[in-house]
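Dear colleague,

Please find below the structure that I am handing over to you. A summary of the findings follows it.

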Amino acid sequence: MERKRIERQVREFLDGYFEEFGTSSQVGIESEPLQEVKPWMEQLIDDIESNELRRYERQAREAAEKASTLLRGEFINALTSRIGKMERDLQSLNRSLQTHPFHNERYSFHRTQVVEFQPILKIIEIGKTSPEALDMLFRGDVPDDFPHRDTIMALEALLEDPEKDFTQFEDYRNFYTFEIHMEDVATGRSTRWEQRRGTGSGAEQQVPIYVAIGASLAAVYGSAERRAGKPSGFALAMFDEAFSKMDGRNQRQMMAFYKKLGLQFVIAAPFEKRVAVLEHMDTIVEVDRIGEQSRASVVSLKEKAKRELMAIDPDLMSDQDLAARLAAE
């Protein structure tokens with residue numbers, strides 16, 4: 001402490017000397033005070049230049065540049081790709097659902113941004129339109145009039161929060177809440193699944209669940225993006241007591257939806273459900289239990305058999321065809 005006090009006094013005396021006698025601080029060795037003070041000044045300057053804080057400053061600057069590069073190259077670019085794929089998947093699913101109404105309602109998937117992660121999503125949009133703006137990340141000297149300053153500062157605060165679990169940032173699905181909407185075909189009135197859950201009929205409760213299961217499986221397998229003529233692996237979907245609370249028409253719509261998603265399904269269902277699913281099945285295994293014994297028989301369905309079975313199914317007949325058939329009987 002005493003040394004610092006004396007050093008401060010020396011600087012004050014030098015300032016007074018230069019001011020009173022009009023001597024420049026840039027004079028050479030002809031100035032006696034500077035001859036004596038110069039070694040001390042040089043040592044002090046050297047101490048400042050070699051101080052650990054200067055080294056830490058360089059390391060911090062290099063770390064900031066590396067963090068910015070990683071954030072742009074590996075984090076933002078990867079998220080942009082994944083979110084783009086998610087948007088394409090949702091569009092594909094919604095196109096498929098558009099042609100398969102259930103209970104006279106069209107289903108669709110929707111997403112809403114989670115407020116907490118909006119800075120990340122805004123940065124992704126900025127990166128698409130103004131990639132040079134990302135050079136300001138972790139700079140610490142973003143000008144007040146910089147167009148995206150608030151977003152950059154909010155993102156840095158979010159990523160630097162020690163209380164945050166960084167694994168949350170690795171999965172883009174954490175940035176959104178996903179919902180299923182049902183739109184009445186006749187009136188256009190839209191309802192969210194969260195509003196209806198627990199209040200609808202058994203079938204109305206089942207349909208959204210099966211829609212979500214099909215969409216999830218298709219996303220995992222990537223089956224909805226398959227193209228004809230290209231090799232693909234299996235996309236197996238297995239259900240026990242499948243579609244138990246749905247009527248025949250909705251069962252057919254659900255299976256047609258699954259087939260459009262590229263899923264290969266194996267279902268276990270009671271005998272009376274067989275008629276409703278025949279048009280979408282290639283093989284049926286009938287299991288009969290007699291006393292303590294069981295017997296299984298395998299039936300392979302050809303396209304002609306499917307068409308003929310469908311032709312006599314009342315659910316698939318028009319009102320005119322059904323009236324004509326009843327009159328004939």
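**Findings**

The protein has twelve helices and seven strands; helices (H or I, at least four residues) and strands (E, at least two) are DSSP runs, numbered from the N terminus. This is a predicted model, in which local features need pLDDT of at least 70 and side-chain atom pairs count only at pLDDT 80 or more, while totals for chains, interfaces and linings use all residues. Residues are numbered from 1 along each chain as its sequence is written, and side-chain values use heavy atoms, with hydrogens and water left out.

Of the 329 residues in the protein, 30% are buried (under 20% relative accessible area, with exposed meaning over 50% and partly exposed in between; 1.4 Å probe, protein chains only). Among contacts (heavy atoms within 4.5 Å) with a separation of 6 or more, 61% are between residues 24 or more positions apart.

Helix α5 spans residues 149-160 and reaches 16 Å from its first C-alpha to its last, close to the 16 Å expected at 1.5 Å a residue (1.5 Å times one less than its number of residues). Which residues of α5 are buried? They are T151, I152, L155, E156, L158 and L159. These residues cover an arc of only 160° around the axis, which puts them on the same side of α5; the arc is that of the directions from the helix axis to the C-beta atoms. On the other side of α5, D150 and E160 are exposed.

Finally, Y221 lies in helix α8 (residues 202-221) and is partly exposed, with a relative accessible area of 30%.

Yours sincerely
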